[in-house]
Amino acid sequence: MSTATPDVASTARAEIEEANAAVPDPDPVKIGILTPLSLPGDPTAGQLVVRGACLGARYVREHGIGNGRQVALALQDDQAGAAEEGMA
């Protein structure tokens with residue numbers, strides 16, 4: 001079960017949705033963002049990672065990349081090591 005910080009997680013998802021809304025390309029270059037948005041990780045740091053990725057995607061849309069393809073972002077909360085707890 002995730003103990004997400006609602007404000008940070010929802011804000012991050014909203015930023016990604018806004019960034020992807022401007023992607024008209026039906027086959028964009030997809031970039032995955034795996035960052036902590038839940039406790040016990042550092043949701044604030046995760047939010048900064050998301051903002052940086054959104055800025056980068058905006059830059060690419062404004063300046064273009066090879067073959068005119070656009071960038072779309074995909075966000076995943078890494079839940080701050082939850083997978084490690086199940087490893088023995």
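**Exercise 1. Decide whether Asp7 is buried, partly exposed or exposed in this predicted model.**

Solution. Step 1: the relative accessible area of Asp7 is 60%. Step 2: the term "exposed" applies over 50%. Step 3: Asp7 is therefore exposed.

**Exercise 2. Describe the order of the helices and strands in the protein chain.**

Solution. Step 1: the protein chain contains 3 helices and 4 strands. Step 2: read from the N terminus, these elements follow the order β-α-β-β-α-β-α. Step 3: consider how the chain is brought together. Among contacts between residues at least 6 apart in sequence, 81% join residues at least 24 apart. Of the 88 residues, 33% are buried, and the accessible surface is about 5600 Å², with 57% of it belonging to carbon and sulfur atoms.

**Exercise 3. Identify the residues that form the salt bridge and state which elements they tie together.**

Solution. Step 1: the structure has 1 salt bridge. Step 2: its partners are the side chains of Arg51 and Glu15, with a distance of 3.5 Å from N to O. Step 3: Arg51 is part of helix α2 (residues 43–63) and Glu15 is part of helix α1 (residues 6–21), so the pair links parts that are 36 residues apart in sequence. Step 4: the relative accessibility of Arg51 is 41%, and the residue therefore counts as partly exposed. As a general principle, side chains of opposite charge can pair when their charged atoms come close.

**Exercise 4. Examine the surroundings of Asp77 and Leu37.**

Solution. Step 1: Asp77 is located in strand β4. Step 2: Asp77 is buried yet lacks a salt bridge; Arg13, the nearest side chain of opposite charge, is 5.2 Å away. Step 3: the side chain of Asp77 does reach the backbone nitrogen of Leu37, at 3.0 Å. Step 4: Leu37 sits in the loop between β2 (29–35) and β3. With 0% relative accessibility, Leu37 counts as buried. Step 5: the C-alpha atoms of Leu37 and Asp78 are 7.3 Å apart in space, while the two residues are 41 apart in sequence.

**Exercise 5. Name the residues that touch the most other members of the largest nonpolar core.**

Solution. Step 1: this core has 14 residues. Step 2: those touching the most other members are Ile16, Ile33, Leu37, Val50, Cys54, Val71 and Leu73. Step 3: at least two residues of the core come from each of α1, α2 and β4 (71–77). Step 4: take Val71 as an example. Val71 lies in strand β4 and has a relative accessible area of 5%, so it is buried. Val71 and Asn20 are 51 residues apart in sequence, yet their C-alpha atoms are 7.9 Å apart in space.

**Exercise 6. State what kind of peptide bond joins Leu39 and Pro40, and locate Pro40.**

Solution. Step 1: omega for the bond between Leu39 and Pro40 is about 15 degrees. Step 2: the bond is cis. Step 3: for context, most peptide bonds are trans. Step 4: Pro40 occurs in the loop between β3 (38–39) and α2.

Notes. Residues are numbered from 1 along each chain as its sequence is written. This is a predicted model: local features need pLDDT of at least 70, side-chain atom pairs count only at pLDDT 80 or more; totals for chains, interfaces and linings use all residues. Side-chain values use heavy atoms; hydrogens and water are left out. A salt bridge is a side-chain nitrogen of Lys or Arg within 4 Å of a carboxyl oxygen of Asp or Glu. Buried means under 20% relative accessible area, exposed over 50%, partly exposed in between (1.4 Å probe, protein chains only). A nonpolar core is a set of buried Ala, Val, Leu, Ile, Met, Phe, Trp, Tyr and Cys residues joined through side-chain atoms within 4.5 Å. Contact means heavy atoms within 4.5 Å. Accessible areas come from the Shrake-Rupley method with a 1.4 Å probe; for residues, only the protein chains shown count as cover. Lys and Arg count as positive and Asp and Glu as negative; His and the chain ends are not counted. A polar contact is a pair of N or O atoms within 3.5 Å; within protein, one must be able to donate a hydrogen and the other to accept it, and residues adjacent in sequence count only if both atoms are side-chain atoms.
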